[in-house]
Amino acid sequence: MIIDCHGHYTTAPAQLEAWRKQQIAAIGNPGKAPSRESLTISDDEIRASLEGAQLKMQRERGTDVTIFSPRASAMAHHIGDESTSVEWTRVCNDLIRRVCKLYPDNFIGVCQLPQSPGVRPENCIPELERCVNELGFIGCNLNPDPSGGHWKEPPLTDRWWYPFYEKMVELDVPAMVHVSSSCNPCFHATGAHYLNADTTAFMQFMTSDLFKDFPTLRFIIPHGGGAVPYHWGRYRGIAQDMKRPPFSELLLKNVYFDTCVYHRPGIELLLKVVPVDNILFASEMVGAVKGIDPDTGHHYDDTRRYVEPIDWISAGDRQKIFEGNTRRVFPRFGKRTPREVNASARSG
Ligand SMILES: [Zn+2]
């Protein structure tokens with residue numbers, strides 16, 4: 001089985017964006033805000049939005065399941081206040097739930113969180129619990145910078161985040177460290193802000209004792225880990241200068257990298273420097289880079305083509321990257337939610 005651990009619903013029907021526009025227009029005028037129920041999208045519209053896109057690509061590329069979350073750039077936690085974020089997040093997560101119900105073999109949910117600049121992360125716990133316990137989701141996307149490029153929150157290793165981490169540990173769900181759109185003109189969203197955040201998160205983890213406090217807490221750093229694998233020597237050296245323990249002790253039981261690197265030399269580098277147990281297959285399709293590489297004739301984000309032919313890793317290691325590691329990092333993968341278990345127990 002090939003599990004793609006990083007996909008977003010970038011092709012959602014247009015009503016979703018229209019609802020969001022209406023919501024944003026009503027900021028400061030709550031009486032005009034649209035209700036969640038006012039968003040109407042039919043099952044057929046959901047099917048149509050996926051059949052020619054994510055599902056088509058799964059079939060063409062030979063991947064099986066995508067761990068699927070709302071469109072990351074649209075989370076835009078900086079817009080409005082906490083109540084804006086709560087409503088938008090619920091709408092987006094509920095739509096992911098419908099996708100997963102329509103295509104239970106193809107998609108499994110990961111949730112957006114109702115973060116908002118300056119608002120304590122524990123306020124996201126009810127939505128995480130709802131998504132995991134009631135909707136059957138298996139992880140969350142945690143935005144280290146809800147300000148959208150101005151970095152106003154404490155580092156991910158600060159106690160500010162601890163109550164939320166306690167809940168992640170209790171529910172046994174990982175978080176993908178994932179920023180959203182950038183409202184800082186210095187940072188292009190997918191080209192700079194995303195990769196900055198990936199690199200920044202790793203540096204924060206490296207210099208803290210977070211994983212001493214939470215030995216089972218797990219994060220995926222997407223987009224191949226930003227600049228980290230390319231500069232692995234720099235980071236090891238900085239850690240050594242700071243008298244930090246080796247990475248194997250410091251964070252490799254807690255921090256994972258995906259394969260959203262859009263050329264083969266990048267994937268080879270990732271596989272050479274990061275232990276195979278810490279690499280999860282992913283493509284982030286459809287979204288960050290949509291085009292076809294004229295050098296290869298294939299989509300840049302068709303990442304299976306980069307991993308598959310590497311012949312200096314064993315079949316067992318390839319299986320870990322495609323499936324085994326993801327099952328380990330997302331232990332709820334393939335398990336039923338408590339509600340589903342209870343429902344089947346009640347029905348005998
Ligand atoms: Zn993403």
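The side chain of Gln23 reaches the backbone oxygen of Thr84 at 2.9 Å, a polar contact in the sense of a pair of N or O atoms within 3.5 Å, of which, within protein, one must be able to donate a hydrogen and the other to accept it, residues adjacent in sequence counting only if both atoms are side-chain atoms. The model is predicted, so that local features need pLDDT of at least 70 and side-chain atom pairs count only at pLDDT 80 or more, whereas totals for chains, interfaces and linings use all residues. Residues are numbered from 1 along each chain as its sequence is written, and side-chain values use heavy atoms, with hydrogens and water left out.

Gln23 lies in helix 1 (residues 14-25), helices (H or I, at least four residues) and strands (E, at least two) being DSSP runs numbered from the N terminus. With a relative accessibility of 6%, Gln23 counts as buried (buried is under 20% relative accessible area, exposed over 50%, and partly exposed in between, with a 1.4 Å probe and protein chains only). Apart from neighbours within four places in sequence, Gln23 is in contact (heavy atoms within 4.5 Å) with Pro34, Thr84, Glu87 and Trp88.

Helix 4 (residues 82-102) packs against helix 5 (residues 125-134) at an angle of about 10°, their axes lying 12 Å apart; axes are lines fitted to C-alpha atoms, for helices over the stretch in contact, and angles run from 0 to 180 degrees between N-to-C directions. Helix 4 and helix 5 are therefore roughly parallel to each other, a class that takes angles under 35 degrees. Thr89, Arg90, Asn93 and Asp94 of helix 4 make the contact with Glu127, Arg130 and Cys131 of helix 5.

An open sheet is formed by five strands in the order 4-5-6-7-8, with parallel pairing, where two strands pair if DSSP finds at least two bridges between them. Strand 4 (140-142) and strand 8 (279-280) stand at the edges with a single partner strand each, so one side of each is left without a neighbour in the sheet. Helix 6 (residues 162-171) packs on the sheet and touches strand 4, strand 5 (175-177) and strand 6 (219-221), its direction making about 160° with that of strand 4.

Most residues other than glycine have a negative phi, and most peptide bonds are trans. Asp172, in the loop between helix 6 and strand 5, has a positive phi of about 60° and, at 34% relative accessibility, counts as partly exposed. His223, with phi near 55°, is buried at a relative accessible area of 8%. The peptide bond from Met285 to Val286 is cis, with omega near 5°.

Definitions and conventions: Parallel < 35°, antiparallel > 145°, perpendicular 65-115°, else oblique.
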